[in-house]
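Me: I would like to learn how to read domains, chain contacts, helix packing and sheets in a model. Please take them in turn, with the general idea before the case.

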Amino acid sequence: MSSLETARLRDALVAIVGAEGVLSSPADLSVYECDGYTLERAQPDIVVLPRSTREVAAVVRLAWDAGVPFVPRGAGTGLSGGCLPLEAKLMIGLSRMRQIRAIDVPNRRLVAEAGVVNAAVSRAVRSHGLQYVPDPSSQSACTIGGNIAENSGGPHTLKYGVTTNHLLGVELVLPDGAVVELGDAIEHTLGYDLTGVVCGAEGTVGIVTAATLRLEPMPAAVTTLLSIHETVADATAAVSDVIAAGIVPAALEMMDRTIVEAVEAAFGFGFPTDAGAVLIIEVDGPAAGLAALTAAVTEICRNHRARSVRVAADDAERAALWKSRKRAFGAVGRLAPNYCTQDGVVPRTRLPEILAEIECIGARHRLRIGNVFHAGDGNIHPILLYDERDEGEVARVIAAGREILAACVRLGGSVTGEHGIGVEKMQELGLIFGPDDLAVMRQVRAVFDPDSRANPGKIFPTSGGCVERRRPARQAAL
Amino acid sequence: MSVDLASALTRLIGDGVETAIAAREAYAIGSVTPSVVATPGDCEALRACVSVVGDAGAALIPLGYGAHRALGHEPRRYDVALVCAALASIRDYTPADMTVTVEAGLTVAALQEVLAREGQWLPLDPPCPAETTIGGLVAADLGGPLCGSQGRVRDFVIGLGAVMADGRLIRAGGKVVKNVAGYDLMKLLTGSLGTLAVLTEVTLKVRPRPAVTRCLVFELADADAGIESASALAAIGLDALAMTVVAEGGAGGRARLVVLLAGVDADVAAARRCLEEHVAGVVLDVSADEVAAHAVIAPIRDFVRTTAGDVVVQIVALPDAAGRVASVLAGEATRMQFDARSGRTVAAFATTDPARLIERVAARAATHGAHVVLERWPLVLAGEVEVWRPLPASLALMRRMKTELDPRATLAPGRFVGGI
């Protein structure tokens with residue numbers, strides 16, 4: 001946008017949301033130059049923070065009339081640059097839409113606005129013995145709107161599914177400013193499941209302003225185990241055997257030595273820093289059968305040379321254990337100035353192969369790589385440590401990340417399990433989908449957004465010119 | 001046109017094309033009979049068939065064994081019954097990955113057999129699984145008594161292959177349980193009733209089979225007693241695989257509560273104690289094993305397709321309204337089945353005035369904000385009734401989706417919600 005266009009748009013936006021809801025000074029905008037994926041940065045020209053669906057619709061309508069594309073943003077905790085303002089310089093932040101509109105305890109439903117923080121949903125219903133299951137590691141900051149855009153997961157999705165499995169309906173502002181209701185509170189789909197299409201579309205079909213979520217009762221009983229192994233291979237074999245035994249734990253997480261070291265330094269939970277890998281295994285269900293289940297899991301871990309298998313003594317210890325796991329990413333900051341979290345998936349049985357492959361890739365690129373991941377899902381999160389002042393190292397991080405994803409695809413997996421394509425993996429999407437597959441997805445996008453106004457330049461690989469076009473944006477990080 | 005179309009298809013798939021009246025009538029939908037039945041032998045042949053039909057400006061309806069073809073509006077046009085049942089292989093199954101990739105024409109029963117050998121299952125139970133293909137299960141979004149505890153089709157489909165209306169063969173999703181690469185076309189095609197694409201391959205999440213499965217049947221005073229018991233059990237969170245109230249003979253008729261329990265021994269025993277404590281009824285039957293347990297539930301599962309009745313409806317409501325809906329329906333229905341947890345009621349009616357009955361049922365459902373699916377209605381009403389109610393608020397967007405993906409209206413035109 002030219003500065004004149006920007007000024008005109010700013011005035012019109014102020015008329016809709018008030019002066020305090022429009023940011024355009026360089027200092028204010030710098031906060032919005034990236035999300036949790038920091039390898040690329042770009043500043044928006046304007047950030048607008050509407051407070052209601054009506055305001056979002058008015059803002060979007062204004063942008064439509066002005067021919068200005070927009071990018072929606074939640075809390076900016078995304079990990080693939082999904083809300084990076086590359087082609088769209090108007091950013092619409094949903095963080096002021098924080099109302100929980102309705103809580104329906106008998107029917108286990110909750111209607112939350114897009115800016116409601118994930119953890120706030122469970123907090124709002126805990127006294128009723130209910131919870132909202134999807135629990136991404138960033139749950140204390142990330143928003144429901146962002147969770148829907150990315151179809152977020154979390155440790156407890158192994159047994160209970162990801163965001164889309166707990167989403168019944170959305171209120172969506174289309175790129176022309178029209179507001180549509182997709183789905184409703186009832187456990188049945190009338191017509192095409194457009195709610196299911198919007199979930200995971202990374203903000204490319206419009207802006208979700210509110211969502212109807214399904215709540216679940218808290219499990220009757222829960223046991224959380226910590227199993228310490230000498231090697232990643234032993235821990236991985238234990239994971240396979242738990243699954244093979246017909247046990248579906250609520251969560252099945254692994255941290256390798258690099259991560260354990262960082263986590264222990266940060267939180268002092270009491271992890272042995274000389275162990276090759278630790279497993280966090282949570283089983284839940286009716287109280288009657290839980291002891292047998294816990295015993296079975298313990299025996300499997302022991303069969304794979306677990307140094308010790310410890311059951312969390314109480315809720316406090318269980319909470320401490322999960323805090324260590326969920327804040328592992330942050331703790332890694334102690335090991336290196338910068339880190340890049342990758343997100344790939346392989347079939348569960350190929351975990352040993354991909355872990356070996358990651359080790360080779362790390363060695364080849366002279367990078368230190370830690371692994372903390374959802375082992376039960378085959379969803380890996382290698383964390384590549386680097387120093388952004390070292391340009392050569394940054395290039396090696398990018399190259400190694402790509403090689404890891406290519407290896408996931410070779411093993412029958414996917415290039416993203418829960419972080420999304422964003423700007424980071426547009427080229428990688430071409431590793432799993434052909435031109436016709438992508439063409440149909442583009443057609444689906446066009447039904448909602450014929451002019452590509454909503455979050456343009458994301459998800460879909462461009463033909464050839466992408467890297468060159470994105471180079472200036474990348475410079476900021478380099 | 002149909003003669004040309006039949007010869008064009010014959011050039012593609014030879015004796016996979018049938019035009020004899022008996023063959024065609026076997027795939028009639030309502031009063032509409034296709035001119036050609038085409039049964040391609042593999043995915044490429046199927047793709048070519050779709051392409052040829054589309055280019056001819058004709059319309060096709062994808063089918064498996066046709067077990068569920070009563071669902072949906074009569075087609076606006078219906079030249080070719082495209083039978084997918086020959087695509088019935090298992091493409092990939094690694095039990096430890098707990099995923100399976102199958103061709104769309106494999107039956108649900110055949111898949112369950114293969115999974116059972118590895119101690120696994122797909123916890124979905126559509127009516128008539130021996131005649132229900134995986135493609136049909138997904139396209140018609142079918143469910144049964146298990147859906148109250150196990151979820152719906154949309155929760156299990158993680159990847160697919162499909163032929164678009166213009167003959168493009170596409171893939172979406174993948175073979176891993178967690179995957180957010182690209183748009184979720186699995187959700188778009190689940191329940192789309194063949195109006196957007198023809199499914200060729202589906203990848204599903206599977207689960208370990210419960211160690212123990214038992215079935216308990218309680219005889220209750222009447223439908224209301226059953227509805228009340230089931231709602232109370234749902235509210236306290238009884239851990240049951242399935243829990244259905246079956247009421248027959250209208251008001252004052254008999255009622256049963258049929259419960260499937262599953263898990264490890266201790267869980268099943270605990271759930272059973274909970275049941276016997278809370279349900280004031282005579283225990284009629286306690287199945288001895290898993291096979292016997294599923295045999296008890298099978299007629300309940302199949303009811304929506306196998307029952308006699310002039311009108312059969314399915315109503316889905318929020319849990320706190322579902323019991324009231326079921327209670328009203330039980331008074332008039334020849335048989336009514338109610339699932340408190342999924343909020344689903346299926347009811348069959350004998351009536352001399354089906355149009356009025358349908359309106360009455362729909363109006364009652366509407367007062368509770370419920371969804372209505374007309375599962376069966378007399379032929380004379382074709383074109384006059386809406387099968388799905390209420391019409392979704394986003395119907396205009398859905399029409400645009402249909403036009404974008406199938407501009408020539410090749411795929412099952414008119415069959416879907418609002419005549420899409």
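Me: Into which domains is chain A divided?

Reply: Domain bounds come from an automatic or database domain assignment. Here chain A is divided into domain 1 (1–218), domain 2 (221–331) and domain 3 (336–420). This is a predicted model, in which local features need pLDDT of at least 70 and side-chain atom pairs count only at pLDDT 80 or more, while totals for chains, interfaces and linings use all residues. Residues are numbered from 1 along each chain as its sequence is written, and chains are lettered from A and ligands numbered from 1 in the order in which they are written.

Me: How many residues of domain 1 of chain A are in contact with domain 3 of chain A?

Reply: Two residues are in contact if their C-beta atoms, placed from the backbone, lie within 7 Å. By that rule, 13 residues of domain 1 of chain A touch 12 residues of domain 3 of chain A. On the domain 1 side there are five nonpolar, six polar and two charged residues. For these classes, Ala, Val, Leu, Ile, Met, Phe, Trp, Tyr, Cys and Pro count as nonpolar, Asp, Glu, Lys and Arg as charged, and the others, Gly among them, as polar. The C-alpha centres of these two domains of chain A are 28 Å apart.

Me: What does the domain assignment of chain B give?

Reply: Chain B has domain 1 (90–208) and domain 2 (212–388). Their contact takes nine residues from domain 1 of chain B and 14 residues from domain 2 of chain B. Between their C-alpha centres lie 25 Å.

Me: How many residues does the contact take from chain A and from chain B?

Reply: The size of an interface is often given as the accessible area lost when the parts come together. Counted in residues instead, the contact takes 66 from chain A and 60 from chain B. Helix H16 (435–448) of chain A gives the largest share of the chain A side, eight residues. Helices and strands are DSSP runs numbered from the N terminus, with at least four residues (H or I) for a helix and at least two (E) for a strand. By class, the chain A side has 32 nonpolar, 25 polar and nine charged residues.

Me: At what angle do helix H13 and helix H14 of chain A pack?

Reply: Two packed helices are described by the angle between their axes and the distance between the axes. The axes are lines fitted to C-alpha atoms over the stretch in contact, and angles run from 0 to 180 degrees between N-to-C directions. Helix H13 (351–364) and helix H14 (391–410) of chain A pack at about 155°, with axes 10 Å apart. H13(A) is therefore roughly antiparallel to H14(A), a term for angles over 145 degrees. Residues of H13(A) in the contact include Ile354(A) and Ile358(A), and those of H14(A) include Ala400(A) and Ile404(A). By class, the contact has seven nonpolar, one polar and two charged residues.

Me: Which order do the strands of the open sheet in chain B have?

Reply: Strands of a sheet pair through backbone hydrogen bonds, either parallel or antiparallel. Two strands pair if DSSP finds at least two bridges between them. The open sheet of four strands in chain B has the order S1-S2-S4-S3, with mixed pairing. Strand S1 (17–18) and strand S3 (60–63) of chain B are at the edges with a single partner strand each, so one side of each has no neighbour in the sheet. Two bridges join S1(B) to strand S2 (36–38) of chain B, and the two run antiparallel. Glu18(B) has Val37(B) in S2(B) as its bridge partner.

How values were computed:
Parallel < 35°, antiparallel > 145°, perpendicular 65-115°, else oblique.
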